[in-house]
Structure formats: C-alpha cells, structure tokens
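The entries below follow the order in which I looked things up.

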Amino acid sequence: MSTEFPHIPTPDAQAHRAAVARHLTLTKPAGSLGRLEELGVWVAACQGQCPPRPFARPRVIVFAGDHGVAAHGVSAFPAEVTGQMVANFLTGGAAINVMAAVAGATVRVLDLGVDTDAEFPEQVTAHKVRRSSGSVDRVDALTDDEIYAAIAAGRAIADEEVDAGADLLVAGDMGIANTTPASIIIAALAGAEPVAVVGRGTGIDDEAWMRKAVAIRDGLRRARRVSANPVALLRTVGGADIAAMAAFLAQAAVRKTPVILDGLVSGAAALVAEELAPGASEWWVAGHKSVEPAHTLVLEQLNLTPVLDLELRLGEGTGAVAALPLVTMAARILAEMATFSDAGVTEGDIRLPAAVDVNGRNGGWR
C-alpha cells in the first residue's frame with residue numbers, strides 16, 4: 001500500500017499579491033491591523049481568490065486513541081477516560097463542543113484506537129485501526145499493516161470532509177498519555193534531548209513527571225533509529241490516532257484546504273506530515289502556543305507564529321478553535337471593509353510596498 005503523497009501545491013501567489021494590494025486600499029493606515037492582515041492574506045491565498053469568501057463549513061475532527069504507555073503511570077488520568085471522553089464529545093459536553101459552537105464550527109469525533117468495550121456509532125468507528133497502541137518506550141506502536149491502515153484512514157477522512165464541503169479544518173486529539181508519544185516524535189525530528197520535551201500533560205506530579213521522562217527517553221532511543229523515515233517513525237512511536245492525524249494534515253494540503261493547528265499532539269502530527277508531504281505547512285496556521293515545552297520546538301521547526309498564547313494544554317482542538325474567530329475576522333476584513341474610494345476618505349501618502357510582510361509594525365492613525 002502506498003504511503004506517498006502527491007506534490008503539494010503552494011497557496012495562490014496571485015491571490016496573495018491581490019490581498020496585500022487590497023489591504024493598502026482599505027480605510028486604515030497600512031499595516032495597522034497587524035497579524036489580522038497577514039492572516040487574511042493567507043486565507044485569500046489558500047482560497048485562490050481576493051477578496052476571500054467567508055468560511056461556510058469550518059470542521060473539527062477529533063482523533064481519539066489510547067496508548068499503551070499509559071499503563072506506566074505517565075498521566076494523571078486512567079486510560080478508560082479516553083473512551084468516556086469520546087462519549088462526552090458525542091453528547092456535546094466537552095470543551096471543544098462548547099468552543100466550536102461559539103466559533104461557528106462543527107465537531108466530528110473518530111475512534112482510531114480507543115481501548116474500550118463501549119459501543120460507539122458506526123460513523124465513529126468506521127476508520128478504527130486497533131485497540132490502543134503498543135507501549136512505545138519498549139515495543140512498536142503499530143504493525144506494518146496497521147500503519148498503512150492508519151495513513152489510509154487519515155487521507156480518507158480529509159477527503160470525506162472536503163468532499164462534504166469543509167473549507168477550513170482543525171485536527172483535535174483525545175487520548176490519555178498521548179503527549180508521551182507526541183513528545184518523542186517531536187524530540188526525534190527536532191534533535192532535542194528528552195528533558196527538553198517532557199511536559200506536565202494532564203497535570204502530573206513530580207513522580208509521574210519522572211516516569212514520563214524515562215518513558216520518553218526510552219522511546220526516543222527507539223525513535224532515533226527510524227527518524228529519517230516518517231512512516232517508520234509513526235509505526236514505531238506514534239499510534240493509530242497520531243498517524244491518521246498526520247496523513248489527514250498532509251491530505252488537507254493536497255486538497256488545498258487551510259488548517260488551523262492545535263497544540264502538542266497536532267504539532268507532532270504536523271511535523272511528520274511535513275515530512276510525508278513537503279510544503280504542506282504552507283496550508284497551515286498555528287492557532288496557539290501550548291504551555292507544553294515540546295510545542296515550542298514544533299513552532300520553530302515549522303516556522304509558524306501562533307495566533308494566541310492563552311496557556312492552554314487541553315488538546316481536543318481547543319486552541320485552534322479559540323483562534324478561529326480571529327481567522328474568520330481577518331478574512332471578512334478583506335472582503336467587507338470599505339476602501340478609501342468607496343468611503344470617500346482621503347488617502348495618506350505612505351504605502352507599504354507589496355513585498356513587505358504585513359505584520360503590524362506600521363502603527364495606526366498617527
């Protein structure tokens with residue numbers, strides 16, 4: 001089974017130039033809306049048109065899976081919470097449900113590898129690969145057949161969503177102990193030592209932190225042997241949920257669909273996705289900066305500047321969805337704000353050249 005992705009197209013350069021030029025005609029000093037201008041230009045380039053159209057169907061996909069390393073005391077919560085939270089998502093009781101409703105997005109949760117006897121609806125388990133993963137500090141997360149199935153699932157999920165009309169995607173996560181494999185992946189790809197990536201995850205105490213550090217150290221020893229091969233890396237220290245998420249992010253870029261990235265786990269998947277499909281990161285924006293130390297490495301590796309820094313560490317896609325209203329606002333500014341000509345407002349003499357990155361360093365009405 002092929003795990004190769006086609007060449008990733010770049011966002012539309014002509015639409016990018018047109019959006020930069022349009023910002024210079026709107027009733028404000030050039031650059032005065034800072035990163036909102038930059039985000040709007042990005043949306044226009046992803047859509048291939050200026051002004052950009054409003055988002056019609058922002059969609060959050062929560063990838064759920066258990067991880068065998070949870071049995072070694074690396075989380076503050078027991079493994080059965082993963083399945084319980086999937087049920088909570090389905091009844092609308094989780095943070096991501098509330099936040100997505102406020103932001104105008106809908107939520108789909110998928111069981112890729114939850115270790116549960118609960119009977120979820122078929123649409124939740126349609127892409128399930130296995131129950132849990134191997135404990136990545138000592139055995140592989142997946143078999144060869146399972147990694148191929150997980151990557152195929154991620155690609156299919158992206159295609160399903162885009163074909164159903166999704167025009168902006170968010171990849172969320174749910175899985176007790178999933179920050180451990182995510183941290184291993186990030187350390188392997190960023191060339192970092194274990195101590196640089198060990199975070200508190202669900203809020204673990206010092207003893208659990210030390211157990212997690214040992215698990216990451218041992219997993220990283222295994223990961224480094226295969227770090228040059230993204231598929232082998234996911235098979236060795238990922239899991240069905242993270243592998244499917246990586247393929248989902250890569251396939252979203254293939255389908256020219258913008259993505260707002262979340263925190264640590266989606267960041268780990270994004271690093272691998274960029275290895276699977278070089279150039280995919282041009283279709284992504286970082287929704288926020290997580291308090292997890294490894295997430296800073298992700299942002300540096302992908303050269304992404306987060307929209308928000310709210311000290312979040314929940315996952316589920318919450319940080320990305322928190323940024324969604326700002327991305328929506330940025331696109332609507334380009335589409336709906338009056339030009340100097342339209343409003344009969346006298347233009348100033350200073351203009352930013354089109355080559356300048358519009359990042360808010362030019363001040364306001366002064």
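I began at the start of H1, where I found a side-chain oxygen of Asp12 reaching to within 3.1 Å of the backbone nitrogen of Gln14; I keep in mind that this is a predicted model.

Next I listed the buried residues of H1, which spans residues 13–23, and noted Ala15, Ala19, Val20 and His23. These residues lie on the same side of H1, because they cover an arc of only 140 degrees around the axis. I then looked up what the buried residues of H1 pack against, and recorded helix H2 (35–47) and helix H13 (318–336).

I turned to a helix pair, H7 (residues 179–190) and H9 (residues 230–237), which pack at an angle of about 145 degrees with their axes 10 Å apart, H7 passing H9 in a right-handed crossing. From H7 the contact draws on Pro181, Ile184, Ile185, Ala188 and Leu189, and from H9 on Leu233, Leu234 and Val237. Sorted by class, I counted 8 nonpolar residues in this contact, with no polar and no charged ones.

H7 came up again when I examined helix H12 (residues 293–302), in which Ala294, His295, Leu297, Val298, Leu299 and Leu302 are buried: the elements covering these residues include H7, strand E4 (259–261), helix H11 (264–276) and strand E5 (284–286). My last entry concerns Asn303, which follows H12 and has a positive phi, near 55 degrees.

Technical notes
Residues are numbered from 1 along each chain as its sequence is written. This is a predicted model: local features need pLDDT of at least 70, side-chain atom pairs count only at pLDDT 80 or more; totals for chains, interfaces and linings use all residues. Side-chain values use heavy atoms; hydrogens and water are left out. Buried means under 20% relative accessible area, exposed over 50%, partly exposed in between (1.4 Å probe, protein chains only). Helices (H or I, at least four residues) and strands (E, at least two) are DSSP runs, numbered from the N terminus. The arc is that of the directions from the helix axis to the C-beta atoms. Contact means heavy atoms within 4.5 Å. A polar contact is a pair of N or O atoms within 3.5 Å; within protein, one must be able to donate a hydrogen and the other to accept it, and residues adjacent in sequence count only if both atoms are side-chain atoms. Axes are lines fitted to C-alpha atoms, for helices over the stretch in contact, and angles run from 0 to 180 degrees between N-to-C directions. A crossing is left-handed if the near helix is turned anticlockwise from the far one by less than a right angle, and right-handed if clockwise. Ala, Val, Leu, Ile, Met, Phe, Trp, Tyr, Cys and Pro count as nonpolar, Asp, Glu, Lys and Arg as charged, and the others, Gly among them, as polar.
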